[in-house]
Amino acid sequence: PFYPSTRRILPVLSTNQPIRSSRDLAIVLNAQGPAKVVNDPCLNIRYVDYEVVPARTTGGAKYDDGKEGRTWVRLDLLLLADNPVIAEVKLRSDKNPFYALVQALTCAAELATPAQRDRLQRRRYPQLLTKAPFEIYTIVYEPNRNGEDWRRLLLRAEEMCRELISMPIIRKYIDRFAILELLEPNNGIVSFKRVFKT
């Protein structure tokens, strides 16, 4: 599996579930079914899983420098739109969107091999298409709490997405980049607004 058996199971959605973490968002998405992107329905998403660890192994693997392979990049949300979606969530004053893009690209690289795609689709998530390229979404919430540096890094992330999607080798594995803003939950239902897409 992409996570240990000790990972906490998502609880039943409570009334007015606060969104303080990517796990809180997972709780809401898991309960509600498809979530709308109000200004771009082709980006609508469905929940698949949370805190997926693409590089997880159970055989005592070590890195080249001798460190144990226990520190991995953890994917905030695995979602489904037209294709499987690798989603990083940055809430309020959390890390910036450029950092989120780097995290998502790392997860995409770790999941792009044939063996990992097989692991994703046949062994863990049958609803995902084996051959489909990934989409990479960054989800931000209450970004107006952040300053000018954060906004500059958002623009830099958008530039980087445009550059990457123009490369044929990237298009082989990644079909689309998008940045979504999580709107204020309404009666336990969340929706999003597109900020950017390629």
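# Exercises on a predicted fold

At 29% relative accessibility, S21 counts as partly exposed, a class that lies between buried (under 20% relative accessible area) and exposed (over 50%), computed with a 1.4 Å probe on protein chains only. The model is predicted, so local features need pLDDT of at least 70 and side-chain atom pairs count only at pLDDT 80 or more, while totals for chains, interfaces and linings use all residues. Residues are numbered from 1 along each chain as its sequence is written, and side-chain values use heavy atoms, with hydrogens and water left out.

## Exercise 1

Locate S21 relative to α1, and state how far its C-alpha atom is from that of D94.

Step 1. S21 belongs to the segment before α1; helices here are DSSP runs of H or I with at least four residues, strands are runs of E with at least two, and both are numbered from the N terminus.

Step 2. Although S21 and D94 are 73 residues apart along the chain, their C-alpha atoms are separated by 9.6 Å.

## Exercise 2

Work out the strand order of the open sheet, and identify its edge strands.

Step 1. The order of the six strands is β1-β2-β3-β4-β5-β6, and the pairing is mixed; two strands pair if DSSP finds at least two bridges between them.

Step 2. The edges are formed by β1 (46–52) and β6 (192–197), each of which pairs on one side only. From one strand to the next, the twist averages 30°.

Step 3. Strands of a sheet pair through backbone hydrogen bonds, in either a parallel or an antiparallel sense. Strand β4 (residues 134–141) and strand β5 (residues 174–182) are joined in the parallel sense by eight bridges; Y137 stands opposite A178 in β5, and Y141 has L182 of β5 as its bridge partner.

Step 4. Between β5 and β6 there are five bridges, and these strands run antiparallel, with E181 opposite K193 in β6.

Step 5. Of the nine residues of β5, eight are buried, which leaves this strand mostly covered.

## Exercise 3

Describe how helix α1 lies relative to the strands, and list the contacts made by Q32.

Step 1. Helix α1 (residues 22–32) lies across β1, β2 (75–80), β3 (84–91), β4, β5 and β6, and runs at about 20° to β2. Such angles, from 0 to 180 degrees, are taken between the N-to-C directions of axes, which are lines fitted to C-alpha atoms, for helices over the stretch in contact.

Step 2. Q32, a residue of helix α1, is buried, with a relative accessible area of 18%.

Step 3. Leaving aside residues up to four places away in sequence, Q32 touches G188, I189 and V190, where contact means heavy atoms within 4.5 Å.

Step 4. A polar atom of the Q32 side chain lies 2.8 Å from the backbone nitrogen of V190, and the side chain of Q32 also reaches the backbone oxygen of P34 at 3.4 Å. A polar contact is a pair of N or O atoms within 3.5 Å; within protein, one must be able to donate a hydrogen and the other to accept it, and residues adjacent in sequence count only if both atoms are side-chain atoms.

## Exercise 4

Step 1. In α2 the buried residues are P97, A100, L101, Q103, A104, C107, A108 and L111.

Step 2. At the start of α2, a side-chain oxygen of N96 comes within 2.9 Å of the backbone nitrogen of F98.

Step 3. The buried residues of α4 are W150, L154, A157, E158, C161, L164 and I165.
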